[in-house]
Amino acid sequence: MVKDEVLKEVDKGNMLPLMEEFYTIQGEGFHKGTAAYFIRVGGCDVGCHWCDVKESWNAETHPPTAIEKITENAAKYSDTIVITGGEPLTWNMQPLTDALKAKNLKIHIETSGAYPLTGTWDWICLSPKKNKLPEGRIYDEAHELKVIVFNKHDLIFAEQEAAKTNKDCILYLQPEWSVRDKVVPMIVDYVMKNPKWKVSLQTHKYLNIP
Ligand code: SF4
């Protein structure tokens, strides 16, 4: 396929810049401890300074891959698929989620919500970022809100974002990994005083798995 045709397919969501895919244990949030197959899609312009997958940012460094190929592979490993990034909503997620649903797979997304919600999801983890706030209806549809805490101002941001979510959305505060020793006591204290929040830890990093 020539480059222009590939770009058109990527625009439609029939091909996606695939950074990596792996079968592991979900480390974070509501489904922590559960085996799942992760599909990491490249491309993100949100620009979090503490991002631990900066190599995902430039979509051009990740090969455009047909969703049929991604789906075939994913179905071999798990009935639960987590689409992460990068920022997966940079792209039209409808074709990929349709293809995964056709195989009766459960599909989760981890997103900053920086772009309009596309795709059909069984679980939406919304992790908003200050520099590019979520758009529209994702607050109504998110199953969990996961705010990364780098400093105490993030607790104020967390409350602002929680106020926009639906009543069933589960609220998590998660320490940013590089400052975890500093912020964990603050988060623990905050959650005890504000028990609508729960603590989420990056348990896969403690387990030393992807
Ligand atoms: S939104 Fe996610 S992938 Fe993008 S810069 Fe922030 S942490 Fe990294």
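The following questions and answers concern a predicted model and the reasons for the terms applied to its residues.

Q: Why is F22 called buried?
A: F22, a residue of strand β1, has a relative accessibility of 13%. Buried means under 20%, so F22 counts as buried. Beyond four places in sequence, F22 touches A36, Y37, F38, R40 and P210.

Q: Why does R40 count as buried?
A: The relative accessibility of R40 is 12%, and the limit for buried is under 20%; R40 therefore counts as buried. R40 lies in strand β2. Leaving aside its neighbours within four places, R40 is in contact with P17, L18, M19, E20, F22, V53, T84 and G85. R40 and E21 are 19 residues apart along the chain, and their C-alpha atoms are separated by 5.9 Å.

Q: What makes S56 a buried residue?
A: At 1% relative accessibility, S56 falls under the 20% limit and therefore counts as buried. S56 is found in the loop between β2 and β3. Its contacts, apart from neighbours within four places in sequence, are M19, G42, G43, C44, H62, G85 and G86.

Q: Why is L7 called partly exposed?
A: L7 has 47% relative accessibility. Buried requires under 20% and exposed requires over 50%, with partly exposed in between, so L7 counts as partly exposed. L7 is placed in helix α1. From L7 to P17, 10 residues along the chain, the C-alpha separation is 10 Å.

Q: Where is E9 found, and which residues does E9 touch?
A: E9 is also a residue of helix α1. Not counting residues up to four places away in sequence, E9 touches M1, N14 and M15. E9 and A66 are 57 residues apart in sequence and 8.5 Å apart in space, C-alpha to C-alpha.

Q: Why is N104 called exposed?
A: The relative accessible area of N104 is 69%. Exposed means over 50%, so N104 is exposed. N104 lies in the loop between α3 and β5.

Q: Why does N208 count as exposed?
A: N208 has a relative accessible area of 70%, and the limit for exposed is over 50%; N208 is therefore exposed. N208 lies in the segment after α7. N208 is not a glycine, yet its phi is positive, at about 60 degrees.

Q: How do you know which kind of peptide bond, cis or trans, joins G85 and G86?
A: Omega is about 15 degrees, and the bond joining G85 and G86 is cis. Most peptide bonds are trans. G86 has its place in the loop between β4 and α3.

Q: Which residues are around the ligand, and where does the ligand sit?
A: The residues around the ligand are C44, V46, G47, C48, W50, C51, W57 and G86. The ligand sits in the largest pocket.

Q: What makes up the shell around the ligand by class?
A: The shell has six nonpolar, two polar and no charged residues.

Q: Which residues of helix α3 are buried, and what covers them?
A: Helix α3, residues 94-101, has P95, L96, T97 and L100 buried. The cover over the buried residues of α3 includes α1, β1, α2, β4 and β5.

Q: What makes I83 stand out in the largest nonpolar core?
A: The largest nonpolar core has 45 residues, and I83 is among those with the most contacts inside it, together with I39, L173 and W197. Leaving aside neighbours within four places in sequence, I83 is in contact with I39, V41, P88, M93, L96, L100, I107, H108, I109, E110 and W121. In soluble globular proteins, nonpolar side chains tend to be buried together.

Methods
Residues are numbered from 1 along each chain as its sequence is written. This is a predicted model: local features need pLDDT of at least 70, side-chain atom pairs count only at pLDDT 80 or more; totals for chains, interfaces and linings use all residues. Side-chain values use heavy atoms; hydrogens and water are left out. A residue is near a molecule or strand if one of its heavy atoms lies within 4 Å of it. On a 1 Å grid over the protein atoms alone, a cavity is a set of points where a 1.4 Å probe fits but cannot get out, and a pocket is an open set with protein on both sides within 12 Å along at least five of seven lines; lining residues have an atom within 4 Å of a point. A molecule sits in a cavity or pocket if more than half of its atoms lie within 2 Å of its grid points. Ala, Val, Leu, Ile, Met, Phe, Trp, Tyr, Cys and Pro count as nonpolar, Asp, Glu, Lys and Arg as charged, and the others, Gly among them, as polar. Buried means under 20% relative accessible area, exposed over 50%, partly exposed in between (1.4 Å probe, protein chains only). Helices (H or I, at least four residues) and strands (E, at least two) are DSSP runs, numbered from the N terminus. Contact means heavy atoms within 4.5 Å. A nonpolar core is a set of buried Ala, Val, Leu, Ile, Met, Phe, Trp, Tyr and Cys residues joined through side-chain atoms within 4.5 Å.
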